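Student: Please take a close look at one chain of this model and at how it meets its partner.

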Amino acid sequence: MSSGSSLLPIIAILPFLGALIPGIMIRAGRTACASFTAIPTLLALVMLGVLAPAVMRGEVIRAEIEWLPQLGLSASFFLDGLGLLFAGMILGMGLLITLYARFYLSGEDPMGQFYTYLLLFQGAMLGIVISDNILLLLIFWELTSLTSFLLIGYWKHLPEGRQGARMALAVTGAGGLAMIGGMLILGNIAGSYNLTDILQQGDAIRASDWYLPALILILIGAFTKSAQFPFHFWLPHAMAAPTPVSAYLHSATMVKAGVFLLARMWPVLSGTEAWFYIVATTGLVTMVLGALIALFKDDLKALLAFSTVSHLGLLTMLLGFGTKYAAIAAVFHIINHLTFKAALFMSAGIVDHETHTRDIKRLGGLRHLMPITASIAVVTALSMAGMIFFNGFLSKEMMLDAAAETVWAGSAWAVPVAATLGALLSVAYSFRFIVHVFFGPVRDDYPAKPHDPPFGMWAAPALLAVFVVLIGILPAAIVGPLVAVAGGAVIGGGELPYYSLKIWHGVNAALIMSVIALAGGLVLLALHRPLDRLWQVAPRPEAKVIFDGLVAAAAGLSRRITEGLHNGAISRYLAIFVAASVALGYVAWTGGGLAPADRAMLPIPPVVAIGWVLLAVATALVVTMHRQRFQALVLIGVIGLMISVGFVYLSAPDLALTQISVETVTIMLLLLALHFLPKDTPRESPLALRARDGVLAVAAGGAVGALTFAFLLRDFSPISDYHLANSYEGGGGTNVVNVILVDFRGFDTYGEIIVLGIAGLAIFALMETLLRGQAARRLRNSDQSQDRSRDRHPLMMVVATRAMLPIALMVGVYIFLRGHNQPGGGFIAGLVVSIAFLMQYMASGFAWAQARQRIGYHDMIGWGVVIAGLTGAGAWLAGKPFLTSAYGYIKLPLIEEFGLGSAFLFDLGVFLTVLGAVMLTLYSLSRIARYAGETVNVEPMDYDPSQRAGAVGRGGE
Amino acid sequence: MELIVASSVGVLTAGGVYLVLRLRAFPVILGLALLSYAANIFLFASGRLRINAPPVLQKYGEAVYTDPLPQALTLTAIVIAFGMTALLVMVALGAFIEAGDDRIDMTEADDAGKAVRKDGAA
């Protein structure tokens with residue numbers, strides 16, 4: 001590790017941090033936004049520059065931040081020659097694109113958004129090329145798919161933009177999924193997920209049985225990303241993006257990610273028959289096909305897009321050859337393609353920007369009107385054609401040289417001829433770009449009056465054009481060292497093969513092929529018009545139609561499956577769920593052994609037997625009488641009561657108290673809700689269905705009952721001896737259940753009250769939404785009057801509840817205070833106090849009571865959670881973990897001694913939350929009642945004997 | 001006694017399952033209430049049964065205590081079951097007021113209605 005290694009993670013994270021900037025800076029204007037967007041890129045570039053000398057000396061810089069080393073997960077980065085080349089391209093092009101986009105985007109485009117997406121994409125791309133861990137690489141890989149989706153679909157109003165973005169995401173995302181599989185296999189073979197380790201194990205990997213599956217999966221990922229045949233179709237459709245995006249993603253970076261991966265994996269995966277035939281053939285086909293289609297495209301950007309497809313095919317083919325010389329040629333061509341293609345895209349963007357059309361057939365003669373743009377475009381297009389003195393020539397010669405020596409399936413002619421054909425077509429479309437757009441007579445029917453754009457817009461392509469010429473003339477001086485170090489990284493160390501970056505190699509096979517290509521290309525261009533007519537009428541498969549058909553078929557299939565399984569019959573899902581659970585339980589039952597029963601049964605006293613009969617009968621009645629909803633509710637109450645009694649008998653006083661108070665509150669709520677619901681359930685399900693449900697119910701009940709019986713007869717060793725032993729010393733209370741709640745398992749309880757609070761708030765929110773929609777109208781029109789008692793607030797009840805309120809509150813406080821040592825506590829006290837309030841509301845109406853209430857229920861829930869949370873956090877001040885309790889004892893006169901400590905405060909939080917949640921639920925129901933036309937009483941009772949005159953009929957407003 | 005508790009759990013589960021499989025919201029809520037009773041008793045019983053041994057520490061003598069941990073868990077379960085029941089009741093009520101009936105199954109008409117509304121919004 002060198003000293004500069006800590007810079008690597010910073011470089012990786014900088015664009016992501018920088019992505020926050022444009023959104024803020026856009027308020028300061030467009031120029032400020034663009035300038036500040038450039039800063040993180042510039043910083044990263046400077047840091048890369050700091051690291052560059054070491055890399056150029058042949059060092060590999062590594063940095064690792066461990067996360068889950070057991071799983072091979074770590075944020076590890078490394079920078080070698082290949083990474084340096086790509087990182088430099090990504091950041092350098094990023095700067096140029098930032099500048100270009102500042103002038104390209106119009107005032108209506110949200111520029112801040114654009115730069116944010118751009119930086120996110122840049123960060124993802126950068127992550128791919130400097131990741132050491134392949135899992136990390138995969139994450140960045142998927143991130144490029146996502147961020148490029150945002151960039152391609154940047155013009156949201158254009159349907160082509162949206163469709164193109166979706167198609168790109170579908171294709172590259174699917175490829176990414178395949179690659180995840182391939183990478184995992186690779187990591188498994190190598191026993192490490194670090195690229196630096198994997199790269200050492202080429203022989204083991206190639207010898208593995210899993211080599212072919214891994215290779216195919218990884219290639220699918222790389223080919224989809226780099227738009228190789230037959231996945232090439234997404235790239236032209238992605239041209240709906242703004243031109244800066246096309247120039248950045250589709251010439252310099254994203255589509256090169258696949259090529260990068262091929263290059264990165266070259267030492268490990270290449271050198272086999274499978275690699276040669278799959279990769280080289282795919283590349284060759286893509287190169288020729290892309291160039292052929294490009295020749296007949298009238299849209300400038302489509303032409304460039306297919307040319308890019310063709311050049312990516314060329315790169316893939318070179319890497320596929322598997323020779324070191326071809327790999328070096330590929331590295332060199334990556335640099336050259338970047339320079340001329342990005343400049344060409346930007347020139348096309350300028351033409352589009354100035355003339356408002358990209359249709360070649362409507363252009364021509366622009367060299368007179370836009371001389372600067374024309375010069376840039378001509379220089380770079382000549383390079384694309386592979387003309388001498390431009391950089392495209394050099395790498396094309398190397399490509400032809402490599403192709404000339406390649407034997408494909410026994411034929412020494414196949415590859416050279418196809419490569420020459422590709423070069424020929426490339427000459428033809430490049431010259432078409434030059435001649436049909438910039439030469440010829442000046443026309444007078446351009447959609448807009450063209451002229452050269454401001455300096456800022458042509459600066460970036462001009463700089464690239466300068467590079468095109470410089471590299472073309474002095475290749476060894478300008479990029480020689482970089483090609484050497486990056487090429488060395490691709491071929492995985494060892495001796496570099498003999499190659500020389502110079503213009504004149506003498507008359508060799510490559511030169512002859514070049515001459516043939518040039519002559520043939522010019523002839524083809526001369527024949528373009530008749531050929532074009534022929535091409536237009538020739539039948540050819542339209543990739544978008546096929547793709548859309550596939551997507552529609554897949555969507556149709558999943559819709560059929562979903563609608564078949566998910567038809568909205570909830571009772572059916574539940575039946576399936578119950579049946580599946582019972583079946584699983586049965587399988588488990590038959591599969592496992594059962595230890596003999598070792599626990600004696602307790603006797604059954606007659607009282608308990610009576611209680612059981614009551615419970616069983618009440619349950620049976622609820623089931624049979626559930627259509628009469630009021631009666632069913634009353635019976636539910638009976639069951640709850642029996643359960644409370646059972647808890648008392650079975651040494652669970654806290655549970656009994658909780659159950660009985662919860663029971664009361666639940667029944668009250670259900671009664672209130674039933675006020676608005678139908679009072680009867682109609683008989684709907686046929687007998688067969690009821691029989692099926694009955695069988696299911698009996699099976700489930702029998703199974704659960706048997707399970708309960710089985711474990712009740714067997715002893716076990718509980719962990720609660722610890723709780724019993726430490727309750728007093730550690731938790732300061734003798735009621736072990738309460739100490740567990742507020743101390744041992746306080747964190748559970750804390751979560752629990754939060755859930756309860758959320759339930760209360762959700763109920764409130766639900767009611768609020770309900771009363772805002774059409775439901776409010778329906779409620780207003782509903783007639784609930786026939787259910788209403790004439791004496792809704794009876795005198796006896798009002799007086800009785802008033803008298804009971806202080807007593808009930810007193811009981812609540814008492815239960816709360818003694819909770820730590822005797823049965824009771826915050827939960828129960830909260831429920832008891834809510835019942836005390838509920839009674840007031842029942843007696844005098846909610847609104848009347850509400851007006852006399854000072855604290856809001858939302859506040860109560862909030863404060864409850866906050867108090868409990870702060871109490872827990874207080875332990876941090878003492879340097880102890882969350883919710884460690886501290887306590888002392890207090891003796892108030894007349895009450896038994898109770899512990900006062902942090903647990904007490906925590907319990908207070910529980911108390912407040914429970915109270916708030918219950919009351920908020922009630923409040924929500926009463927709001928609905930108000931909407932349903934219930935009147936608000938001003939007086940506490942309807943007939944008040946103390947106000948003889950005028951009391952009658954003052955119940956309503 | 002064990003038989004009593006186990007059969008209670010069984011009876012409550014059976015009743016709960018049957019009611020949950022009904023077609024209207026209210027019986028389903030009743031069914032869930034029965035099921036939560038059954039679940040609470042089940043959870044409580046996992047600490048095994050003991051009489052006259054509440055887990056409240058005694059000052060004098062060698063007292064026997066029942067297992068307090070399942071009790072604590074059951075206590076919170078009871079309260080949470082209440083919260084969930086209340087929420088469900090509210091959802092059912094809202095659905096009834098919105099739709100005019102308290103069927104739980106979605107019908108074709110529900111889907112169609114949604115589609116129409118979506119088109120209208122677009």
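Tutor: What follows covers the chain by itself and then its interface. The model is predicted, so local features need pLDDT of at least 70 and side-chain atom pairs count only at pLDDT 80 or more, while totals for chains, interfaces and linings use all residues. Residues are numbered from 1 along each chain as its sequence is written, chains are lettered from A in the order in which they are written, and side-chain values use heavy atoms, with hydrogens and water left out.

Chain B has four helices and zero strands, where helices (H or I, at least four residues) and strands (E, at least two) are DSSP runs, numbered from the N terminus. The order along the sequence is α-α-α-α. An unreviewed UniProt entry places "transmembrane region" at residues 6–21, 28–51 and 71–97 of chain B; UniProt positions are given in the numbering used here, feature names are shortened, and annotations may be inferred rather than shown by experiment. Residues 6–21 of chain B are 94% helix and 0% strand, with end C-alpha atoms 23 Å apart. For residues 28–51 of chain B, the span is 75% helix and 0% strand, and the end C-alpha atoms lie 35 Å apart.

Of the 122 residues of chain B, 60% count as buried (under 20% relative accessible area; exposed is over 50%, partly exposed in between; 1.4 Å probe, protein chains only). Among contacts in chain B with a separation of 6 or more, 54% join residues 24 or more positions apart; contact means heavy atoms within 4.5 Å.

Turning to the interface, 80 residues of chain B are in contact with 112 residues of chain A. The two chains bury about 8,700 Å² between them, 78% of it on carbon and sulfur atoms; buried area is the accessible area (1.4 Å probe) that two parts lose on being put together, summed over both.

Between chain B and chain A the count is four salt bridges, each a side-chain nitrogen of Lys or Arg within 4 Å of a carboxyl oxygen of Asp or Glu. Arg24(B) forms a salt bridge with Glu684(A), and their closest N and O atoms are 2.8 Å apart. On the side of chain B that touches chain A, helix H1 (2–20), helix H2 (25–45) and helix H3 (68–99) each supply at least two residues. H3(B) gives the most to that side, with 26 residues.
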